[in-house]
Amino acid sequence: MGSSPAAAAGPGTALEDLPEDALLSILALLAPPDAAAAACACRRLAAAASSPALPLALALRLGLLPSPPPSPPLPFPAPSCPAAARRLLRSLHRLRRLLGLWRRLPSSASLPALPPSLAAFEWAPRATLAASLLAPSAADGGVGVSKRPFVTLAIDESGDTVAAAGDMPVCVNFVGGNHIVVEAAAAAAGGEDEEVEMVSGSPPEEVYAHFANRRSPGAGRRRRGKQGRRGGGMEAQHFVRIADAEPTKARPLQGLWKGICEDRTLEFYLVSYDDIGGVTCRRFSDTRSQNSCYSPVFWTTDTTFLEPPFSEKELDNYSSRDHIRGVASDHAGTENRIISRILCINASYDVVDRHLSTPLENGRNVEGRIWLYEDGTFGFGFVGSHSIIDLRHVSSAGCILDTSH
C-alpha cells in the first residue's frame, strides 16, 4: 500500500528535503526582505530564492496576477539570472510600498501652487501602478472625486522600476518610508532612494521641509534644475503618505472625507487622532499652506461618545437642522438618518462666525456635535448654526469612490 505524502515526509524531514515548489510557497508568503533573509539559511532556500518561478509566486500573493495565472507573455519579464530575480522582487516590493493616498507638500514661495494636492497610487492592468491626482468634483450636483493621470510605474525587462508622467520619464524616489519625491529623470540621474530616519520629537512640517530642502532642485543642483525647466522638465514634487486614510472600528472618524461646506463648496476633510486620544479635523485645501497655524474645522480632546437612548434636547438639536444638499444653490432639506452615537466637539470662532445666526456666550470657542450615522459616515454642526455638514468616504478598501475622469 502506498504511503501518503505526509507519512512519507515523516516527523524528521529537514527543510532542505522539501521540493522546490514547497520552498517557493514558503518564500512567497514572506515579505521580500524576509525572503532574502530566509535565503541565507540554507543552500536549498538560496536556490529557490534565485528561481525564475519565485517572482511569479510572489506576484500571485501580492495580487498582481489572477489565479490561475494567464498564459505568457507575463505582465513583467521572467528573470534570467539571480540578479534579475532580486531586482524584480525589489521592484514589486517598491510598487507595493507606493499604494495608497499621498499629500503633496507646499512648493517653495517662488513657485505657483500646484493644486490638486492629493495623489492616489492604485494597481492598474498589466502589473503597472497608476498615480492619479484627485480633486473634489461637484459635477451634475453630486459629491464625487475627479481623477487626473499623473504618473505610471512599470517594470522593465531588466527587472527595474520605470516611471513616466505622460511622455516624460520621471523618477519616484523614497525619502524615508513615508515621503517620496517625483522629479524629472534627468534631475534625479545617479540618485538612489534615501532611507532617512525621522528624528523623534521634530514637528512634521520641519522634518518634511528639511527633506524638501535636501532633495529639491536648487539644493546643490540649481543650475541643472534651471536647464531642466528650459528643456521641458518638471520641478521636484514632494509627497507624504496619508497613513490613516480610512476609518476603523476603534477610530470611526479618522481618514479622508468629502462634504459640502457652509459656503457651498465641495471639500476634502482630513480627520486625525493624536497620541492622547484627541481628534482634529482640517480642510484638506488648508494643508497646502506653508503656514502650519491654520485653524482646524473642529477638534476635541475627549472622544467619549454619547450612546443611545439620547436625550430630547440632543434629538431636537439634530432634527431641527437642515442638511446641505448641493453646491449650485442654497437648497437644503431635512433628512432623518439613523444616529448611532453623538460626540461633543469644539471649533474656533473665526472658522464658523459668519454662519452663526445667534450670538455666542463664549467669544473664543464654539461648541458643536458630531452625529455618527449607522452606515459609518457622519455629519457635524455647531451651536448657533442651523445646518449639518454631512461627510462621505473618499475611499474604501483602498479604492477611490465616486470617481470621474
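In this predicted model, the charged end of Arg-97 is placed over the ring of Phe-174, at 3.8 Å from the ring centre. A second contact of this kind involves Arg-341, which lies over the face of Phe-305 with 4.3 Å to the ring centre.

Trp-257 is part of strand S9 (residues 255-260), whereas Phe-378 is part of strand S17 (residues 378-382), so the pair ties together parts that lie 121 residues apart in sequence. Trp-257 has a relative accessible area of 0% and is buried; Phe-378 likewise counts as buried, at 0% relative accessibility.

Another pair is formed by Phe-380 and Phe-382, whose ring centres are separated by 5.9 Å and whose planes stand at 70°, so this pair is edge-to-face. Phe-380 and Phe-382 are both buried.

The wider setting is the fold of the whole chain. The protein chain contains 10 helices and 21 strands, and buried residues make up 41% of its 405 residues. Of the contacts with a separation of 6 or more, 56% are between residues 24 or more positions apart. The accessible surface of the chain comes to about 21,300 Å², and carbon and sulfur atoms account for 53% of that area.

Terms used: Residues numbered from 1 in each chain as written. Predicted model: local features only at pLDDT ≥ 70, side-chain atom pairs only at ≥ 80, totals over all residues. Heavy atoms only, no water. Helix = DSSP H or I, 4+ residues; strand = E, 2+ residues; numbered from the N terminus. Buried < 20%, exposed > 50% of the residue type's maximum accessible area, 1.4 Å probe, protein only. Contact = heavy atoms within 4.5 Å. Areas by Shrake-Rupley, 256 points an atom, 1.4 Å probe, with all protein chains shown as cover. Phe/Tyr/Trp six-rings, centres within 6.5 Å; stacked < 30°, edge-to-face > 60°. Lys NZ or Arg CZ within 6 Å of the ring centre and 35° of its normal.
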